[in-house]
Amino acid sequence: LQMETLLRRAVEHSEFTLHYQPMVRLSDRKVIALEALVRLNTAGQHTAGTLGGSVTLSPNQFIPVMEDTGMITSLSEWVIEEACRQGRAWLDAGLDFGRVAINLSPSEIRRGGVVERLAEILVRTGLPPQHLEIEITEGGLMESGMGAEQFLQHLHQLGVFLTIDDFGTGYSSLAYLKRFPVQQLKIDRSFVQDLPSNDNDGQLVSTMISMAHGLRLHVVAEGVEMPDQEAFLSSLGCDVAQGYLYSRPVPAAQISQMLTRH
Ligand code: G
Ligand code: G
Ligand code: NA
Ligand code: MN
C-alpha cells in the first residue's frame, strides 16, 4: 500500500498522538514550555493492519508526504486543537507548564488560513493565548505568501508567543530579525551537538546568543544531551535548553508528573 493511503486512513481514524518535550530554564531547570511533537500511533488498528506489524514512521518521513498531498492542513488542525485542549487540561489541574509549543510547517502556511484556524481553536478550547507558542522555521516565513512580516503581525495580535525554529540553518537575511515581532530564537541542534569541543560551533553559538540578547530576544538551545553542553550554554547566558539531557518527547501523562502545582 502507498504511504499516502496509509496516512489518509490514519487521519480518518485519528491514529495520531502527541508527545511533549520540555524546554527548561537553565538558571533553575524549571519547565517553562512543552513542545508538542506528532507521532503516528502504529499500534492503531488501521495503521498496524496496513503496515503488517510494528514499523515506526517518524514525522520526518510522513510530514513531507502530508505537505505534498495537502493532508498537512487537517493534521495540523488536529495537532493545534489537541495541544490547546491538553494545555487547558493542565491549567485546570493547576499544573504550571508555561506554554505549549506547536510547529507550523512552511507548506501549511503557504496554503493559508492558519491564523483564522488558530484564533478559532483558541476560543473553542479556552486556552489563553499567552500559553500557546508557535515555532516557525526561517524557511516557513519566507513562504508565508502575504509576506512574512504581515503573517507574524497577525499571529502576534492573537497574543501567542513566537519562536524562530532551527535558527541558523536558513538562507535568509538577518535583517528580518529587527522587523519581525518574535520573542525567541531556537538554535538548531546541529550547532549544539559538537559543543563544547568544536570551537567553530562555540563561536557561532556565542554570537547567536549575544545577537539575540542584543535584540531583546530569548534563546533556546535544542538537542542538549550532555552536562558539558549545558554548562557551556549556561556560561554564555543561554536562557533555555531542550534535549535528551532533560527528557525525550513523552506522552502527556508522563509530563503531568514532571510539572509542579501552582
Ligand atoms: O519528533 P521528531 O523529533 O522526530 O520530529 C521530527 C521533525 O518533525 C521535526 O523537524 C519536527 O519539527 C517535525 N514535527 C514534529 N511534529 C510536528 C507537527 O506537529 N507539525 C509539523 N509541521 N512538524 C512537526
Ligand atoms: O525541527 P525540530 O526542532 O522541531 O525538531 C525536533 C526534533 O528533535 C524532534 O524530532 C525531537 O525528537 C528531536 N530531539 C529533541 N531533543 C533531541 C536531542 O537531545 N538529541 C537529538 N538527537 N534529537 C533531539
Ligand atoms: Na520545533
Ligand atoms: Mn528545530
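**A close look at helix H6**

Mentor: In H6, the residues Val114, Leu118 and Leu122 are buried. This is in a predicted model. Seen down the axis of H6, its buried residues fall within an arc of 70 degrees, so they line one face of the helix. An α-helix has 3.6 residues a turn, so residues three or four places apart point the same way.

Now turn to the other side of H6. There, Glu116, Val123 and Arg124 are exposed.

Next, check the length. H6 has 12 residues, 114-125. At 1.5 Å a residue, they should span 16 Å, and the end C-alpha atoms are 16 Å apart, which agrees. After H6 comes Gly126, with a positive phi near 75 degrees.

What do the buried residues of H6 pack against? Their partners are helix H4 (72-92), helix H5 (106-111), strand E5 (132-137) and helix H8 (148-158).

Take H8 from that list. The axes of H6 and H8 come within 10 Å and cross at roughly 5 degrees. An angle under 35 degrees counts as roughly parallel, and H6 and H8 are therefore roughly parallel to each other. On the H6 side, Val115, Leu118, Ala119 and Leu122 make the contact. On the H8 side, His154, Leu155 and Leu158 do. By class, this contact has 6 nonpolar residues, 1 polar residue and no charged ones.

How values were computed:
Residues are numbered from 1 along each chain as its sequence is written. Chains are lettered from A and ligands numbered from 1 in the order in which they are written. This is a predicted model: local features need pLDDT of at least 70, side-chain atom pairs count only at pLDDT 80 or more; totals for chains, interfaces and linings use all residues. Helices (H or I, at least four residues) and strands (E, at least two) are DSSP runs, numbered from the N terminus. The expected span of a helix is 1.5 Å times one less than its number of residues. A residue is buried if 20 or more other C-beta atoms lie within 10 Å of its own, exposed if 12 or fewer, and partly exposed in between; C-beta atoms are placed from the backbone. The arc is that of the directions from the helix axis to the C-beta atoms. Two residues are in contact if their C-beta atoms, placed from the backbone, lie within 7 Å. Axes are lines fitted to C-alpha atoms, for helices over the stretch in contact, and angles run from 0 to 180 degrees between N-to-C directions. Angles under 35 degrees count as roughly parallel, over 145 as roughly antiparallel, 65 to 115 as roughly perpendicular and the rest as oblique. Ala, Val, Leu, Ile, Met, Phe, Trp, Tyr, Cys and Pro count as nonpolar, Asp, Glu, Lys and Arg as charged, and the others, Gly among them, as polar.
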